[in-house]
Amino acid sequence: MGSTQRNTGVDGGVGLTALMVAAARAIETHRHDSLAQDVYAEHFVLAAPASAGWPVRLQQVPEGDGNPLWGRFARYFGLRTRVLDDFLLQSVHAGVRQVILLGAGLDARAFRLHWPSGCVIFEIDREGVLAFKHKVLAGLSAAPKATRVPIPIDLRADWVTALTDAGFDTAAPSVWLAEGLLFYLPSAAETYLIHTVDRLSTAGSALAFEAKLEKDLLDYRDSPLYTATKHQIGIDLLHLFDKEPRPDSAGDLAGKGWSTSVHTPFDFTRRHGRGPLPEQNDALEGNRWVFANKPRP
């Protein structure tokens, strides 16, 4: 999950959500029916003072899967991790060699996935977040399984120049990931990001992102997922999410010639046989996972 504020550490605001997702990935890793393996996630959680006391195994949660945050919500993040892992690997196995993680946060995909030869992983996020990640991974003597290029810059700054200066090739296909990022961006910033990805992507490129349907977020203020997150670890997601009307980014890309598909998380719960299913007053019901491909001629 990415980070978009000026705070340079990982102990505040959106940085805390990156730690929450890391804790969820750690819990998923230790499940007997794990959908995704991230052996680095728990080390991020334990290394940050704000999250050092959070659970990294379901056995550390008294209610287990009955806990809305560390049960159902964590399983959601585990499922999302698996689905996006599969998307990236499908793209690179089809020949793409440039991977761009927008708002990379504590994403350890460069270290934990098996990449084909020649892949380059560009990680764009604020300097403090990337420095924290580097420190933790260096302490574990972790080695990336592809060429990893950290780009320490806020997405509100000129990240395009930073990316191209770092070696990104606009003439070669690329696969882009905006995982858990767009919820936090104003509408105009999301539209700019989508347009920019389109401009930088040649035929054969791909993009995956998470979006929310147009709906009043306050309708979910009593949702167990959001209330548990606020009360248990002090993250008020409804306060962090941008309140502006959301653009139709999937439709925008389709209008630019991309092939798009839009899914609910529950589609993948049914596909994989585990993960969240719809509930009453469900904060996940408006979440959509969008997959887009820019066709070759």
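Colleague: Which element supplies the largest share of the lining of the largest cavity?

Modeller: Helix 3 does, with four residues. Helix 3 covers residues 68–93. A helix here is a DSSP run of H or I, at least four residues; a strand is an E run of at least two, and both are numbered from the N terminus. The model is predicted, so local features need pLDDT of at least 70 and side-chain atom pairs 80 or more, while totals for chains, interfaces and linings use all residues. Numbering starts at 1 along each chain as its sequence is written, and side-chain values use heavy atoms, without hydrogens and water.

Colleague: What makes a residue part of the lining?

Modeller: An atom within 4 Å of a cavity point, on a 1 Å grid where a 1.4 Å probe fits but cannot get out. By that test 17 residues line the largest cavity, and F73, F77, F183, F241 and N287 lie nearest its centre. Helix 3 and strand 5 (206–212) each give at least two residues. By class, the lining has 12 nonpolar, two polar and three charged residues. Ala, Val, Leu, Ile, Met, Phe, Trp, Tyr, Cys and Pro count as nonpolar, Asp, Glu, Lys and Arg as charged, the others as polar.

Colleague: At what angle do helix 3 and helix 8 pack?

Modeller: At about 130°, with axes 9 Å apart; helix 8 is residues 224–233.

Colleague: Which residues of helix 3 and helix 8 meet?

Modeller: P68, L69, W70, R72 and F73 of helix 3 meet P224, L225, A228, T229, Q232 and I233 of helix 8. Contact means heavy atoms within 4.5 Å. By class, this contact has eight nonpolar, two polar and one charged residues.

Colleague: What is the angle of helix 3 with helix 11?

Modeller: About 80°, with axes 10 Å apart; helix 11 is residues 265–272. That value lies in the 65 to 115 range, so helix 3 is roughly perpendicular to helix 11.

Colleague: Which residues meet there, in helix 3 and helix 11?

Modeller: R72, Y76, L79, R82, V83 and D86 in helix 3 meet P265, F266, F268, T269 and H272 in helix 11. By class, that contact has six nonpolar, two polar and three charged residues.

Methods:
Axes are lines fitted to C-alpha atoms, for helices over the stretch in contact, and angles run from 0 to 180 degrees between N-to-C directions. On a 1 Å grid over the protein atoms alone, a cavity is a set of points where a 1.4 Å probe fits but cannot get out, and a pocket is an open set with protein on both sides within 12 Å along at least five of seven lines; lining residues have an atom within 4 Å of a point. Angles under 35 degrees count as roughly parallel, over 145 as roughly antiparallel, 65 to 115 as roughly perpendicular and the rest as oblique.
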